[in-house]
Amino acid sequence: MRKCLQHITLLLCMTMIAPAITNAQEKVEASIGADIVSGYIWRGQDLGNVSIQPSLGISYKGFSFSAWGSAGISNLAGGKEQPKELDLTLGYTIGGFNAGITDYWSSGGPSYLKYSAHNTVHVFEASLGYDFGVAAINWYTNFAGDDYKANGNRAYSSYVEINAPFKLGGLDFAASLGATPFQSSAVYGETSGFSVIDISLEASKDIKITESFSIPMFAKITMNPQTEGTYFVFGVSF
């Protein structure tokens, strides 16, 4: 993993000095938004019921920093409170290439500021990807935090996803296929090797409310062959 991070750093340095950087965004841009979803499904994993998921981001010359969260509107089965989540991501994009580091945190364990070996719910992930236009491929690997095998060794749980957008019948579609390339921790259901854990099809459309205001809506079907789980989620974005 140390070599992987060195490669990420080298790639970032090379792209920073590339001539294409002259075409990068020249001013700071910020964004804020929120989704309301009928269920929280992430990489084939069922993480909660009806939720509100706010986001806040800022970007400049290809670099970005964003915060994303999730809070359950309804409780889980048995009246158990749904965990809250806060994810922070530092990323860089140039052309079709992207790289990033994300800190995932969810409630239900040690506090946010609590971090020590085997006593934290933070998970740190590095990612690399490229968007070819007709399809995009992204690779994610956990390199620190709460990501261990049953024997106590670090798992370096990873996830690779291929995503292909297309249009059909007036809707924007995206088909995706995600898998764990090798053994993972409970983050992905403790897979023992290569396992396809996410086969998804999403459709989205902006619903026009007035001449100047529309609401993006989406519906997504997900199947996880590993757990035999199948999910259908509807969401609205603001």
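Biologist: Is T180 buried or exposed in this model?
Modeller: The model is predicted. A residue counts as buried when its relative accessible area is under 20%. T180 is at 0%, so it counts as buried. T180 lies in strand β11, residues 171-180.

Biologist: What does the side chain of T180 make a polar contact with?
Modeller: A polar contact needs a pair of N or O atoms within 3.5 Å. Here the partner is the side chain of T191, at 3.1 Å.

Biologist: Which residues is T180 in contact with, leaving aside its neighbours within four places in sequence?
Modeller: There are contacts to S158, Y188, T191, G193, F194, S195 and I197.

Biologist: Which strands pair with β11?
Modeller: Start with strand β10, residues 158-168. β10 and β11 run antiparallel and are joined by 9 bridges. A164 stands opposite A175 in β11. Then take strand β12, residues 195-208. β11 and β12 also pair in the antiparallel sense, over 9 bridges. S176 has S200 in β12 as its bridge partner.

Biologist: How many residues lie between the strands in the hairpin of β10 and β11?
Modeller: The hairpin has 2 residues between the strands. G169 takes a positive phi there, near 60°.

Biologist: Where is the other hairpin, formed with β7?
Modeller: Strand β6, residues 85-94, supplies the partner. β6 and β7 run antiparallel, with 10 bridges joining them. I94 has F97 in β7 as its bridge partner. This hairpin has 2 residues between its strands, and G95 in the turn has a positive phi of about 60°.

Biologist: Which strand pairs with β7 over 8 bridges?
Modeller: That is strand β8, residues 123-131, in the antiparallel sense. The bridge partner of A99 in β8 is L128.

Biologist: Is T102 buried or exposed?
Modeller: T102 has a relative accessible area of 8%, so it is buried. Its place is in strand β7. The side chain of T102 makes a polar contact with the side chain of T89, at 2.8 Å. Leaving aside neighbours within four places in sequence, T102 is in contact with D87, L88, T89, V123, F124 and E125.

Biologist: What is the relative accessible area of I137?
Modeller: The value is 36%, so I137 is partly exposed. I137 is found in strand β9, residues 136-145. Not counting residues up to four places away in sequence, I137 touches L128, G129, Y130, F132, V160, E161 and I162. Look at E161. E161 and I137 are 24 residues apart along the chain, yet their C-alpha atoms are separated by 5.7 Å.

Biologist: What share of the contacts join residues at least 24 apart?
Modeller: Among contacts between residues at least 6 apart in sequence, the share is 41%. For the fold as a whole, the secondary structure comes to 1 helix and 14 strands. Buried residues make up 34% of the 238 residues.

Biologist: What is the volume of the largest pocket?
Modeller: The volume is about 1,400 Å³. Of its 39 lining residues, W42, R43, W68, Y140 and E161 are the closest to the centre. E161 is also one of the residues that I137 touches. β6 gives the largest share of the lining, 6 residues.

Biologist: Which classes make up the lining of the largest pocket?
Modeller: There are 14 nonpolar, 16 polar and 9 charged residues.

Biologist: How many residues line the second largest pocket?
Modeller: The number is 27, with L47, E85, S106, V121 and V187 nearest the centre. The elements giving two or more residues to this lining are β2 (40-42), β3 (45-48), β7 and β8. β7 gives the largest share, 3 residues. The space in this pocket is about 780 Å³. By class, its lining has 12 nonpolar, 7 polar and 8 charged residues.

Key: Residues are numbered from 1 along each chain as its sequence is written. This is a predicted model: local features need pLDDT of at least 70, side-chain atom pairs count only at pLDDT 80 or more; totals for chains, interfaces and linings use all residues. Side-chain values use heavy atoms; hydrogens and water are left out. Helices (H or I, at least four residues) and strands (E, at least two) are DSSP runs, numbered from the N terminus. Buried means under 20% relative accessible area, exposed over 50%, partly exposed in between (1.4 Å probe, protein chains only). A polar contact is a pair of N or O atoms within 3.5 Å; within protein, one must be able to donate a hydrogen and the other to accept it, and residues adjacent in sequence count only if both atoms are side-chain atoms. Contact means heavy atoms within 4.5 Å. Two strands pair if DSSP finds at least two bridges between them. On a 1 Å grid over the protein atoms alone, a cavity is a set of points where a 1.4 Å probe fits but cannot get out, and a pocket is an open set with protein on both sides within 12 Å along at least five of seven lines; lining residues have an atom within 4 Å of a point. Grid points are joined across faces, edges and corners, and a volume is the space filled by probe spheres set on the points. Ala, Val, Leu, Ile, Met, Phe, Trp, Tyr, Cys and Pro count as nonpolar, Asp, Glu, Lys and Arg as charged, and the others, Gly among them, as polar.
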